[in-house]
Amino acid sequence: MNKRFSRLAAGSIAWSITLGVAAQTAAPMTAPAESTMPSGPKGDAIREGRLLLTETHQRLPKHVGNGLNCTSCHLAGGTTANASPWIGIWGVFPEYRSRSGKVISLTQRVNDCFERSMNGKPLAYDSAEMNNILAYMQWLSTGVPTGTSAKGRGFGPLDQHLTADAGHGKDVYAAKCASCHGAAGAGTANQAGGYTFPPVWGKDSFNDGAGMARTFTAAAFVKHNMPLGQGGSLSDQEALDVAEFFTHQPRPVYRFKAKDWPKGDKPKDARS
Ligand code: HEC
Ligand code: HEC
């Protein structure tokens, strides 16, 4: 099934791209129709939440320490299967997370990405911004039964038995990624002070405590979503190799990594 959508990049360039989305069954990854957006204060909150997630760098400068928006990774407003979509997550949190070693709320999970993926600072739990973000995620999850993950949650499958080759990954990066993300991984800036193509390493990228800094997590994202609009075109080996290469380039450091996976079940690709 091909899904056509347009989006506004951080600057003023309107995009229209075609993404290949694998056929899905079970609790479907379907965003509610725009017409179901309530009017009044709740609708205002949902719309504001969506803006905070798509224009995070511009709208929440005190909480974002890099050049990214939440939707730099959670593509198309968190509605793309295998790009860690937010459809359905309202009903699955609170959830046990091995990285935290405890059950955490959706509020805490949102702040995890502020502190790691955005290399920034958490939102106050009772802030309007946090509640607006939650309102959008709840609306996106309309129709997905409580306790059920929608099909396509996370980043999709990738062969976990492969061994990464960073040297080959460097060649894949030059051939398939550098045209947008830059030869030095610094992305392509726009005139609004953000990025048309976001950085994948360097000071404006996610920090080394982010899920995207893990080779296999990044590889699954890349396999199913990159090059943008050509998800699925790389082999698992190519995706793994390029992920090993770019995740291990210089990037901001997350100070509290040593506290992660407190139960001793740290995965092999977690950063130390
Ligand atoms: C650099 C890429 C990146 C950016 C930017 C990013 N995230 Fe994430 N996000 C991830 C990854 C990777 C995961 C999954 C991590 C894992 O489970 O190992 C994730 C998971 C999540 C989840 C849980 C999804 C689930 O199915 O359990 C939520 C909610 C979330 N992010 C919200 C946000 C919000 C809100 C922002 C912006 C403040 C944000 N993310 C920015 C990469 C990113
Ligand atoms: C045609 C341009 C283009 C190409 C080529 C491309 N990307 Fe991207 N990539 C993007 C855009 C645009 C986004 C952000 C999407 C958004 O904001 O909606 C992105 C997002 C990302 C992200 C998450 C955000 C970040 O900056 O960390 C990663 C990681 C990434 N791309 C890696 C790659 C890799 C690896 C390749 C090569 C295999 C690649 N991309 C090829 C355009 C491209």
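1. Two residues are taken to be in contact if their C-beta atoms, placed from the backbone, lie within 7 Å. On that basis, Lys42, Ala45, Ile46, Glu48, Gly49, Arg50, Leu52 and Leu53 of helix H1 meet Glu129, Asn131, Asn132, Ile133, Ala135, Tyr136 and Trp139 of helix H5. By class, this contact of H1 with H5 comprises eight nonpolar, three polar and four charged residues.

2. The geometry of this helix pair may be stated alongside its residues. Helix H1 spans residues 40–54 and helix H5 residues 128–140; their axes lie 7 Å apart and the packing angle is about 100°. Because angles of 65 to 115 degrees count as roughly perpendicular, H1 is placed roughly perpendicular to H5.

3. The structure is a predicted model, and its confidence should be read before the details. The protein chain has a mean pLDDT of 91, with 90% of its residues at 70 or more. Residues 1–25 require caution in reading, as pLDDT stays under 50 over this stretch. For these residues the model has 45 contacts beyond four places in sequence.

4. The domain assignment divides the protein chain into domain 1 (39–154) and domain 2 (166–258). Taken over C-alpha atoms, the centres of domain 1 and domain 2 are separated by 21 Å. In the contact between them, 13 residues of domain 1 meet 18 residues of domain 2. The side of domain 1 that touches domain 2 consists of four nonpolar residues, eight polar residues and one charged residue.

5. Helix H6 (residues 166–176) packs against helix H9 (residues 236–247) at an angle of about 95°, with 7 Å between the axes. H6 and H9 are therefore roughly perpendicular to each other. On the H6 side the contact is made by Ala166, His168, Gly169, Lys170, Val172 and Tyr173, and on the H9 side by Glu238, Asp241, Val242, Glu244, Phe245 and Phe246. The classes represented in the contact of H6 with H9 are six nonpolar, two polar and four charged residues.

6. Which residues come nearest to ligand 1? They are Cys70, Cys73, Cys113, Ser117 and Gly211, out of the 24 residues around this ligand. Helix H4 (residues 106–115) supplies the largest share of the shell, namely four residues. Divided by class, the shell around ligand 1 has 14 nonpolar, eight polar and two charged residues. Domain 1 (39–154) and domain 2 (166–258) each contribute at least three residues to the shell around ligand 1.

7. Ligand 2 is surrounded by 23 residues, of which Cys177, Cys180, Pro198, Met226 and Pro227 are the closest. Helix H7 (178–181) and H9 are the elements that give two or more residues to the shell around ligand 2. Of these, H7 gives the most, with three residues. The shell around ligand 2 has 17 nonpolar residues, five polar residues and one charged residue.

8. The bond from Met226 to Pro227 is cis, with omega near -10°. Pro227 is placed in the loop between helix H8 (215–225) and H9. Pro94 belongs to the loop between helix H3 (75–78) and strand S3 (95–97).

9. Phi of Asn82 is near 70°, which is a positive value in a residue other than glycine.

Technical notes. Residues numbered from 1 in each chain as written. Chains lettered and ligands numbered in written order. Predicted model: local features only at pLDDT ≥ 70, side-chain atom pairs only at ≥ 80, totals over all residues. Axes fitted to C-alpha atoms, helices over the stretch in contact; angles between N-to-C directions. Parallel < 35°, antiparallel > 145°, perpendicular 65-115°, else oblique. Nonpolar A, V, L, I, M, F, W, Y, C, P; charged D, E, K, R; others polar. pLDDT = per-residue confidence, 0-100. Near = placed C-beta within 6 Å. Domains from an automatic or database assignment.
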